[in-house]
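The entries record what I looked up and what I found.

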Amino acid sequence: MSTKNIEFVIPPRPAHFVGDGFKVHNFIPSSHYLSMQRMSPFIMMDYNAPTYFPPTNTPRGVGVHPHRGFETVTIAYKGKVAHHDSSGNSGIIEPGEVQWMTAASGILHKEYHEKKFSEEGGDFQMVQLWVNLPAKDKMSQPKYQGLTKSDIQTVILPNNAGTINVIAGDYLGTKGAASTFTPIYLLDGKLNDGGIANFTFPSNYNTAVLVIEGEVKVNNSEVTPTDHFILMNNDGENFTVEGIGNAKILVLSGEPINEPIAAQGPFVMNTREEIMQAIQDYNIGKFGFLED
Amino acid sequence: MEEFYNYLSDSLSKSEIDQLSKFLVEKRIGKGEILLQAGSVCNHSFFVEEGLLRSFSIDKQGKEHVIQFAPENWIISDRSSLLFQEPSEFFIDAVENTTLIMFDEEFVVKASELSAKYRSFNQKALNNHIRHQQRRINRLLSATAEERYLNFIQLYPNITLRVPQWMIASYLGITPESLSRVRKELARKNFIPG
């Protein structure tokens with residue numbers, strides 16, 4: 001087993017708004033080094049770094065829109081998001097919770113700041129990931145996994161190093177809460193000052209660490225500041241992350257899906273024809289119904 | 001300017017376009033920014049390079065009525081205000097961050113002086129605009145909600161992904177609930193657009 005080295009440390013791009021409720025730094029796919037193919041199966045990552053939203057009676061967010069061909073994963077750190085979709089699922093994602101929505105053959109959904117959070121205002125911090133589906137599963141039935149704190153197991157690291165919440169995959173024998181279509185690791189880590197976590201993933205898995213809070217050192221190299229994205233090379237299996245002060249990290253690793261990608265807006269398929277079909281199906285109501 | 005130059009290249013040569021370029025202004029505006037305010041005179045036409053504009057009116061109850069969407073390669077303006085120099089009844093704003101080319105009537109006059117081909121091109125564009133408006137009036141008076149919607153997705157196949165449902169309903173002169181019903185019915189019939 002050899003060391004997995006850092007390929008690049010990528011600073012956050014300028015933040016932009018998604019709807020009026022999410023002020024995000026996009027890493028995948030707009031960063032030069034983070035194309036959909038390079039980070040497959042992770043084809044999109046938006047990070048809403050902590051942002052204060054003042055009180056309002058009109059909840060901010062994103063109105064009704066479709067998705068087909070992949071899964072959306074929302075990880076809440078601060079603030080609350082209310083969600084509704086055309087399959088009849090709805091819920092509130094609270095800090096520490098994860099929503100894993102499989103759009104697959106097609107779904108309409110909308111996401112808004114939760115009513116009470118909107119009225120009171122406050123800090124908001126979230127990650128949204130899009131996880132691609134293999135061609136054979138792109139047109140499967142939509143499904144929804146709302147993962148609460150009690151669903152997500154926590155591993156306590158030795159030597160008071162910190163904790164790892166296992167959202168997907170496994171960590172030191174503890175299984176993740178989410179069921180996934182392809183092998184994926186998604187680990188929400190908290191490191192104490194000087195605490196070290198060890199990670200091992202197959203070398204071909206596309207792997208990265210997002211620094212959510214504080215600073216870290218990967219493989220005892222230079223210090224990486226908050227909001228930076230550490231892209232790991234596909235040259236080995238093992239790496240370490242050390243907290244410099246208290247730190248929070250999100251570690252993602254997944255087996256690449258080596259299939260063609262055709263993407264337009266909210267649809268990610270394998271061919272142009274499938275994209276045109278998705279637009280047509282959406283236009284004629286095949287994604288179901290949801291009021292604005 | 002690239003798309004606008006392509007648009008003009010059928011009727012104007014490269015050197016003619018170069019001579020006219022001083023009448024063109026490229027502008028980038030953010031989502032929600034207003035290009036034309038009702039009550040003011042419209043002095044420009046707007047060609048969309050990238051993004052999406054719309055024109056709309058606001059009635060006495062404060063309700064918006066969408067007149068036109070202008071995605072890439074469309075031109076949007078208020079011709080009555082532009083040509084008769086009277087206050088406009090309409091607003092034009094950006095539905096998305098938009099890069100556009102602004103041109104005024106002086107550009108049209110100069111281009112027409114330079115090129116007979118442009119004159120006939122511009123005449124055809126005007127006639128096409130009138131044809132479109134007449135058909136739109138007729139559909140609003142006589143077509144069913146489903147017919148209006150099917151025509152809409154033929155005219156603007158990708159816009160449904162870019163604007164909220166209420167804006168589409170507003171363009172069609174129906175309620176958002178009717179739009180949902182129309183889509184539900186099309187899905188039930190397994191409708192295949194021709």
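**Entry 1. The model**

I note at the outset that this is a predicted model.

**Entry 2. A sheet in chain A**

I began with the strand order of a sheet in chain A. Four strands form an open sheet in the order β5-β10-β7-β8 of chain A, and their pairing is antiparallel. I then asked which strands lie at the edges. The edge strands are β5 (61-67) and β8 of chain A, each of which pairs on one side only.

Next I followed β7(A) to its partners. Strand β10 (residues 107-113) of chain A pairs with β7(A) in the antiparallel sense, over five bridges. In this pairing I found A:Val81 opposite A:His113 of β10(A). Strand β7 (residues 81-85) of chain A is also joined to strand β8 (residues 90-93) of chain A by four bridges, and these two strands run antiparallel. Here A:Ala82 has A:Ile92 in β8(A) as its bridge partner.

I looked at the turn of this hairpin as well. Four residues lie between β7(A) and β8(A), and A:Gly88 takes a positive phi near 95 degrees in the hairpin.

**Entry 3. Where the chains touch**

How many residues of chain B are in contact with chain A? I found 16 residues of chain B in contact with 14 residues of chain A. On the side of chain B that touches chain A, the elements that give two or more residues are α7 (165-172) and α8 (176-189) of chain B. The element that gives the most to this side is α8(B), with six residues. Sorted by class, this side of chain B has 10 nonpolar, four polar and two charged residues.

**Entry 4. Helix α7 of chain B**

I list the buried residues as B:Gln165, B:Ile168, B:Ala169, B:Ser170, B:Tyr171 and B:Leu172. Their cover includes β5 of chain A, together with β5 (64-70), α6 and α8 of chain B. Just after α7(B), I noted B:Gly173, which takes a positive phi of about 70 degrees.

I then examined how α7(B) packs with helix α6 (residues 145-155) of chain B. The angle between the two is about 115 degrees, and their axes are 10 Å apart. I therefore record α6(B) as roughly perpendicular to α7(B). Their crossing is right-handed. From α6(B), the residues B:Ala145, B:Arg148, B:Tyr149 and B:Phe152 meet B:Ile168, B:Tyr171 and B:Leu172 of α7(B). By class, this contact has six nonpolar, no polar and one charged residues.

**Entry 5. Helices α4 and α5 of chain B**

I turned to a second pair of helices. Helix α4 (residues 105-114) and helix α5 (residues 116-142) of chain B pack at an angle of about 130 degrees, with their axes 5 Å apart. The angle makes α4(B) oblique to α5(B). In α4(B), I found that B:Val108, B:Ala111, B:Ser112 and B:Leu114 meet B:Tyr118, B:Arg119 and B:Asn122 of α5(B). By class, the contact has four nonpolar, two polar and one charged residues.

**Entry 6. Strand β3 of chain B**

I looked up which strands pair with β3(B). Strand β3 (residues 45-50) of chain B is joined by five bridges to strand β8 (residues 98-103) of chain B, and the two run antiparallel. B:Val48 stands opposite B:Leu100 of β8(B). With strand β6 (residues 75-76) of chain B, β3(B) pairs in the antiparallel sense over two bridges. In that pairing, B:Phe47 stands opposite B:Ile75 of β6(B).

**Entry 7. B:Lys22**

My last entry concerns one residue. B:Lys22 is found in the loop between α2 (14-20) and β1 (25-29) of chain B. Is B:Lys22 buried or exposed? I count B:Lys22 as exposed, because it has 10 C-beta neighbours inside 10 Å. Between B:Lys22 and B:Lys184 I noted a separation of 162 residues in sequence and of 51 Å in space, C-alpha to C-alpha.

Terms used. Residues numbered from 1 in each chain as written. Chains lettered and ligands numbered in written order. Predicted model: local features only at pLDDT ≥ 70, side-chain atom pairs only at ≥ 80, totals over all residues. Pairing = 2+ DSSP bridges. Contact = placed C-beta atoms within 7 Å. Nonpolar A, V, L, I, M, F, W, Y, C, P; charged D, E, K, R; others polar. Buried ≥ 20, exposed ≤ 12 C-beta atoms within 10 Å, placed from the backbone. Axes fitted to C-alpha atoms, helices over the stretch in contact; angles between N-to-C directions. Parallel < 35°, antiparallel > 145°, perpendicular 65-115°, else oblique. Left-handed = near helix turned anticlockwise from the far one by under 90°.
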